[in-house]
Amino acid sequence: MQTNSHLSRLIHDQAKKYGDREVLIYKDFGGSEWKSYSWNQFSDMVKRVSNALLNLGVKVQENVGVFSQNSVQYLFCDFGAWGIRAVTIPFYATSSEQQIQFMISDAKMRFLFVGEQDQYDKARRVVSMCQTLERIIVFDRNVKLSAQDSNAMYFDDFLKLGENYPRQSEVEQLQVQASMDDIANILYTSGTTGDSKGVILTCGQYYAAFEANNKCVPVGEQDRVLNFLPFTHIFEKGWKILCLTEGARLIVNTYPQEVQQSMRETHPTCMSSVPRFWEKVYIGVLEKIESASTMQRKLFLHALSVGKKHNIDYLSKGKRPPLALHLEYEMLNRTVFSLVRKELGLENAHFFPTAGATVNPKVEEFVHAIGLNMVVGYGLTESLATVSCNHLGEPFTVGGLVTRVRSC
């Protein structure tokens, strides 16, 4: 059952519900070993960030920047800031110096969290041109700080400001005062001419979106959700928090180029993505089939034909497949398609929200044919992603943006 709390309290409410149950699965920056946090540990880190931010002097509805690739520290900062009613402004990890200088100045940021060396170096080079920026806080302890930089600090040292929750009574009072009208994020979009425009998203918009999506998106406690798209993107940001409201586990993939390796190592049940990701999967599978023996190639192509008939020609249109076709598909699904899914790390696949561009019909047919539930949707940053989407278990469209199915 969903816990749709105010963003300032969500993680703490879920910790009361789930306790020591695992919630975050991650690797350290540059690491190779998967580690994890429980809900209680997640709540502790968020409290420490909230207390540390108060000790630095962060005010209600002050803008705080996060310039990093996906990481657990990113999550701690988001929820820690919301815990004291501050606003987080995410930057893409690949943003240029010109872009971050504009956003820092436009939003009058005093504090900026950065991920690795590249982000720190860029931020360091624009400090002199950003009149408001006071401090850079670095997630990755391996980053080499400039000897002339007296205002930078590592995230580990920042957390020490919040040890033992020295300002917790103030944190809790701020959460009592928290409003659905509080601004949660300002997202600078690339879909504009000239300088980026900041889209303002409130806590109330998140609440309404999660309530609506809870009725039509069947993610739940049993799901293992791989976070692949950048947290800067509203699709991934809204999706990941929705998953947290439902009690799902999050698998944080830091480096996009490692996503398929992460899938094979962690076996997710769900993952939001853009069509380009599935195009790469499609091309990769076809390349392997081309190098297979003639008999294996014929078997796979026949299986794809059967999968298309069963899942596209019938199920997508709300029709019941003929018994003979259904039995043949079930046999191929247990043999040929199960091997493909295992190779991808998707043995326990549930469903895969996909949006952001037009979906190539051949790619979508392929994904459905091998037994993966691609759920295509359409949305905007201003609408907190979802406007409309296909619904799992119901007739669905194939190809293109979903603009004509019922909204969530």
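In the predicted model described here, Asn 333 lies in helix α13, which covers residues 323-344, helices being DSSP runs of H or I with at least four residues and strands runs of E with at least two, both numbered from the N terminus. Asn 333 counts as buried because its relative accessibility is 16%, where buried means under 20% relative accessible area, exposed over 50% and partly exposed in between, with a 1.4 Å probe and protein chains only. Apart from neighbours within four places in sequence, Asn 333 is in contact with Ser 338, Arg 341 and Ile 370, contact meaning heavy atoms within 4.5 Å.

Residues are numbered from 1 along each chain as its sequence is written. Because the model is predicted, local features need pLDDT of at least 70 and side-chain atom pairs count only at pLDDT 80 or more, while totals for chains, interfaces and linings use all residues, and side-chain values use heavy atoms, with hydrogens and water left out.

Most residues other than glycine have a negative phi. Arg 85, in the loop between α3 (72-82) and β4 (87-91), has a positive phi near 65° and is buried, with a relative accessible area of 14%. His 267, in the loop between α10 (259-266) and β12 (270-271), has a positive phi near 55° and is partly exposed at 29%.
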